[in-house]
Amino acid sequence: MAVALLWCSAWAGAQPAAPPNIVLINMDDLGYGDTSAYGATTIKTPQIDRIAREGLRFTNGYATSATCTPSRFSMLTGKYAWRQEGTGVLPGNAALIIDPARTTLPALLRSAGYHTGVVGKWHLGLGGAGGPDWNQRISPGPNEIGFAYSFIMAATGDRVPTVYVEDGRVVGLDPKDPIRVDYEKPIGDWPTGKANPELLTTQRPSHGHDQTIVNGVSRIGYMTGGKAALWRDQDMADTFTRKAVSYIEQHQREPFFLYFATHDPHVPRVPHERFVGKSGMGPRGDAILQSDWSIGQLLDTLDRLKLAGNTLVIFTSDNGPVVDDGYVDQAVEKLGTHKPWGPLRGGKYSRFEAGTRVPFVVRWPARVRPGVSDALVSQVDLLASMAALVGKAVPSGEAPDSVNQLKALLGEDPKGRDHIVEHAGRFALRDGRWKYIEPSEGPRRNEQTNTELANDPAPQLYDLDADIGETKNLAAQQPERVKAMAARLVAIRQGRAGSPGAPKL
């Protein structure tokens with residue numbers, strides 16, 4: 001009753017009589033141009049297209065960082081990951097990097113009467129200092145930062161341990177076969193991709209990824225034990241989808257928040273046999289089709305249970321695309337005319353637009369009118385925006401970079417944010433149509449992934465309205481704008497987003 005009263009008072013006169021369910025779908029390494037909803041023609045994604053057709057598709061939606069751990073941290077905490085040490089891409093045995101005492105998106109929604117669940121990729125660490133003991137109940141983890149239910153993989157498919165964790169316990173673990181994990185030295189006697197390449201039955205590494213072999217794929221890190229708990233990569237999407245559908249079914253009679261984080265199309269790309277060869281683009285394309293199917297299963301469940309009308313679905317990606325990310329899987333050879341980055345420049349790991357500008361769609365039939373929005377929106381603002389949605393105040397000092405952009409997300413504000421900070425080791429700032437990339441040393445291109453990184457010892461300035469592909473550096477022609485944007489970026493980094501001390505242009 002309390003949450004319903006909050007809803008009515010916060011949205012007096014709105015059509016829905018109850019707070020909406022919230023389903024946040026976060027894909028992994030999906031690029032701006034990877035779906036037919038965003039213009040792809042080589043590949044078709046009918047379920048993602050359905051969300052876009054029935055919802056509001058944003059052309060200027062952003063993750064905060066060009067890699068997964070920091071962007072996920074920012075989305076769940078409302079705090080830029082670069083403000084906290086230790087939030088780079090984590091090994092599979094890292095400790096939890098979110099302080100359980102902090103306000104998080106799931107914790108806030110839980111305080112508003114929502115049941116909260118996470119299914120899929122986590123990659124935010126588990127356990128206390130020193131990392132998890134895989135053979136005991138693992139705490140703290142998702143359940144300690146606001147999720148009432150969790151069914152996750154600890155990190156990524158290319159990192160050990162290759163097991164699922166449900167509410168803090170490894171699924172199917174035989175206590176007589178304890179798990180050990182090490183990221184510094186070999187342990188046990190399991191074969192590795194480096195020493196035993198003849199045992200690689202699924203994919204072989206193109207760079208790195210040559211340590212412990214599980215299911216015919218060599219990974220990052222060393223592992224031994226837990227044989228009964230090991231996943232089969234081909235079944236991962238089915239497993240996560242089944243758990244997500246079950247979660248919706250179990251909580252259909254109460255407001256719920258489901259964070260559904262797919263592994264696809266992250267490496268290793270090992271889709272189920274029924275998807276193999278379906279895209280014509282190799283395992284990466286097949287993995288995208290697999291995720292599209294998974295999303296369709298969730299949408300069909302909402303329809304079947306008559307929940308779709310009052311369910312807010314947010315679809316996005318944790319960062320931009322990468323084609324060769326460590327395995328020989330024909331992703332490059334079979335790319336053809338497909339451009340995962342769309343009209344943008346760069347990709348995962350880059351400060352060019354394709355690193356952090358990602359698919360971003362909001363569907364809520366009871367409230368959001370279908371269409372396209374050019375408003376600037378960022379995943380870091382989900383916490384403050386969802387707080388406004390359910391009538392909860394964000395506690396003072398919490399979510400310091402999250403700004404209430406609910407009106408933009410609902411299509412009632414065509415502008416959204418006035419700036420976007422883009423992060424990939426160093427920083428860039430988008431202010432309206434202008435994009436400033438601060439000077440930096442380092443290689444201009446990641447040779448392993450063939451990604452332009454935007455490193456340059458000179459400042460860069462682009463007019464994104466006229467030059468979405470960032471091809472014409474205007475810094476030399478507009479030194480005053482460069483100076484002002486550089487000063488504003490410094491002010492934002494030293495304070496909070498939108499701080500009064502940040503100079504306006």
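Which residues line the second largest cavity? The structure is a predicted model, in which local features need pLDDT of at least 70 and side-chain atom pairs count only at pLDDT 80 or more, while totals for chains, interfaces and linings use all residues. Residues are numbered from 1 along each chain as its sequence is written, and side-chain values use heavy atoms, with hydrogens and water left out.

The lining of the second largest cavity consists of L126, R137, I138, G141, P142, N143, E144, S150, I152, V165, D167 and G168. A cavity is here a set of points, on a 1 Å grid over the protein atoms alone, where a 1.4 Å probe fits but cannot get out, and lining residues have an atom within 4 Å of a point. Grid points are joined across faces, edges and corners, and a volume is the space filled by probe spheres set on the points. The second largest cavity holds about 50 Å³ of space. Its lining comprises five nonpolar, four polar and three charged residues, where Ala, Val, Leu, Ile, Met, Phe, Trp, Tyr, Cys and Pro count as nonpolar, Asp, Glu, Lys and Arg as charged, and the others, Gly among them, as polar.

Four cavities of 30 Å³ or more were counted. The largest cavity contains about 140 Å³. Of the 16 residues that line the largest cavity, M236, A237, H263, D264 and Q290 lie nearest its centre. Seven of the lining residues are nonpolar, six polar and three charged. At least two lining residues come from each of helix 5 (236–250) and helix 6 (282–304), and helix 5 gives the most, with four. Helices (H or I, at least four residues) and strands (E, at least two) are DSSP runs numbered from the N terminus.

D264 is joined to P265 by a cis peptide bond with omega about -5°, and P265 lies in the loop between strand 12 and helix 6. Most peptide bonds are trans, and most residues other than glycine have a negative phi.

Positive phi values occur at A454, near 80°, and at E470, near 50°. A454 is in the loop between strand 21 (451–452) and strand 22 (460–463), and E470 in the loop between strand 22 and helix 9 (479–494). A454 is buried at 3% relative accessible area, and E470 is buried at 0%; buried means under 20% relative accessible area, exposed over 50% and partly exposed in between, with a 1.4 Å probe and protein chains only.

The loop between strand 12 (256–261) and helix 6 also holds S279, which counts as buried because its relative accessibility is 14%. The S279 side chain reaches the backbone nitrogen of M281 at 3.0 Å and the backbone oxygen of G282 at 3.5 Å.

With neighbours within four places in sequence left aside, W122 is in contact (heavy atoms within 4.5 Å) with residues including R72, P142 and I152.

Methods. On a 1 Å grid over the protein atoms alone, a cavity is a set of points where a 1.4 Å probe fits but cannot get out, and a pocket is an open set with protein on both sides within 12 Å along at least five of seven lines; lining residues have an atom within 4 Å of a point. A polar contact is a pair of N or O atoms within 3.5 Å; within protein, one must be able to donate a hydrogen and the other to accept it, and residues adjacent in sequence count only if both atoms are side-chain atoms.
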